[in-house]
Amino acid sequence: TGAVGLYNVGQTCCLNSLLQVFLMNIRFTGILRRIIVPPRPAQKRRNVPYQMLLLLEKMQCGKQKAVAPIDLAFCLSVHGVKLFVQYDAAQLFLTLWNLVKRQMKKLELVEELSYLYTIWVQEHLVCQKCFFETKRNSSMLTLPIPLLDSSSHMLKSLESCLQYFFHPEELTGHNMCFCEQCGRKTPFLQSMKLVHLPQTLTIHLKRFCFEKSTYIHKLSHYLPFPQDLDFNAVLTENQCEADDNEKAGWQYELFAVVAHSGSTDCGHYCAYIRSLTECKWYCFNDSEVCQVSWDDVKCTYGHSNLHLGETAYLLFYMKKHPQ
């Protein structure tokens, strides 16, 4: 089936889940297969893209139900990703992606990798006294979506979280900004507008938040997310800064869910991934892999009474009609 597990080699459930998401993405592996192989053995051992490629081939060519990612784990440890450490999946995703990008030698592959994952937004700041406006383009690899509004009320769905993320915010009081036109601090209206969405869209559900100074609290409440997501139906015209050709590709289908169970200081990760070749859902729980239904995936929506239960943390969507 192509669904092969990864043995846990030292609290690597987070790493294993993310590797499965990367390696089940045939567009990512299409880039990975075209890398320049490092010439020397020592370089090969330290090269993350090459070690990911070796792991992929080991998973695809063998007849084992699971393989041990020991060589890749050693390679990552050289770059600061240690074993026997509990990682945050959102942070580790960024670390892995940047390591892969930094060690790719072909410029065209770096560009393809960036195009595959990078989100572009435009930040707007408008002075509420003189209406002087500044704009700045910026990129991100994940959409860090809050699950609570400014009044700490729980948002009810992924769509409402996305709408809130792109909703303008008033900067008043201590948050006022210096206006060059007015020559003093004034109230501003801050907003973010969507410019470009990638082929593989990564959404980070911010389930871990600070409460009462340094205490980190996990938000386990119910938050449904759809199999099909159309940004044209979610965001308003004022929340977008894109032409019609760009918006035509804003229809997505859910590809993978990285779910977290347990508490903030003692948890476990697994991944639910829809095979792009079979169109079937699988649960990758370290070395254990099994076929599941959409109802099983929906169990990661969360539940306010199950604080240690399994909840979706990272969502990966694929464009339905890539241009």
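Buried here means under 20% relative accessible area, exposed means over 50%, and partly exposed is what falls in between (1.4 Å probe, protein chains only).

Some ground rules come next. This is a predicted model, where local features need pLDDT of at least 70, side-chain atom pairs count only at pLDDT 80 or more, and totals for chains, interfaces and linings use all residues. Residues are numbered from 1 along each chain as its sequence is written, and side-chain values use heavy atoms, with hydrogens and water left out.

**Two loop residues with positive phi**

Back to Phe 131: this residue sits in the loop between β3 (119-127) and β4 (133-140). Helices (H or I, at least four residues) and strands (E, at least two) are DSSP runs, numbered from the N terminus. Phe 131 has a positive phi of about 65 degrees, although it is not a glycine. Gln 11 also has a positive phi without being a glycine, at about 55 degrees. You'll find Gln 11 in the loop between β1 (5-6) and α1, and at 45% relative accessibility it counts as partly exposed.

How many of the residues of α1 are buried? The answer is 11 of its 11, so to speak a mostly covered helix. Among the buried residues are Cys 13, Asn 16, Ser 17 and Gln 20.

Leu 19 is one to click on in α1. Its relative accessibility is 1%, so Leu 19 counts as buried. Contact means heavy atoms within 4.5 Å. Leaving aside neighbours within four places in sequence, Leu 19 is in contact with Leu 6, Met 52, Leu 55 and Leu 72. Gln 43, by comparison, is 24 residues from Leu 19 in sequence and 21 Å away in space, C-alpha to C-alpha.

**How the helices pack**

Axes are lines fitted to C-alpha atoms, for helices over the stretch in contact, and angles run from 0 to 180 degrees between N-to-C directions.

| Helix pair | Angle between axes | Axis distance |
|---|---|---|
| α1 (residues 13-23) and α6 (residues 89-103) | about 55 degrees | 10 Å apart |
| α6 and α7 (residues 107-117) | roughly 155 degrees | within 10 Å |
| α4 (residues 48-61) and α5 (residues 70-78) | roughly 170 degrees | within 9 Å |

As for the wording, angles under 35 degrees count as roughly parallel, over 145 as roughly antiparallel, 65 to 115 as roughly perpendicular and the rest as oblique. α1 and α6 are therefore oblique to each other. Their crossing is right-handed, and a crossing gets that label if the near helix is turned clockwise from the far one by less than a right angle, or left-handed if anticlockwise.

α1 brings Cys 14, Leu 15, Leu 18 and Phe 22 to its contact with α6, which supplies Ala 89, Leu 92, Phe 93, Leu 96 and Trp 97. By class, that makes 9 nonpolar, no polar and no charged residues. In this count Ala, Val, Leu, Ile, Met, Phe, Trp, Tyr, Cys and Pro are nonpolar, Asp, Glu, Lys and Arg are charged, and the others, Gly among them, are polar. An α-helix has 3.6 residues a turn, so residues three or four places apart point the same way.

α6 and α7 are roughly antiparallel to each other. Here Phe 93, Trp 97, Val 100 and Lys 101 of α6 meet Val 110, Leu 113, Ser 114 and Tyr 117 of α7. That contact divides into 6 nonpolar, 1 polar and 1 charged.

α4 and α5 are roughly antiparallel too, with α4 passing α5 in a left-handed crossing. Val 48, Gln 51, Met 52 and Leu 55 of α4 make the contact with Asp 71, Leu 72, Cys 75 and Leu 76 of α5.

**Two strand residues**

Is Thr 200 buried or exposed? Thr 200 is buried, with a relative accessible area of 1%, and lies in strand β10 (residues 200-206). Its side chain makes a polar contact of 3.2 Å with the side chain of Asn 25 and another, of 3.1 Å, with that of Gln 199. A polar contact is a pair of N or O atoms within 3.5 Å; within protein, one must be able to donate a hydrogen and the other to accept it, and residues adjacent in sequence count only if both atoms are side-chain atoms.

Arg 136, in strand β4, is exposed at 51% relative accessible area. Not counting residues up to four places away in sequence, Arg 136 touches Val 121, Gln 122 and Glu 123.
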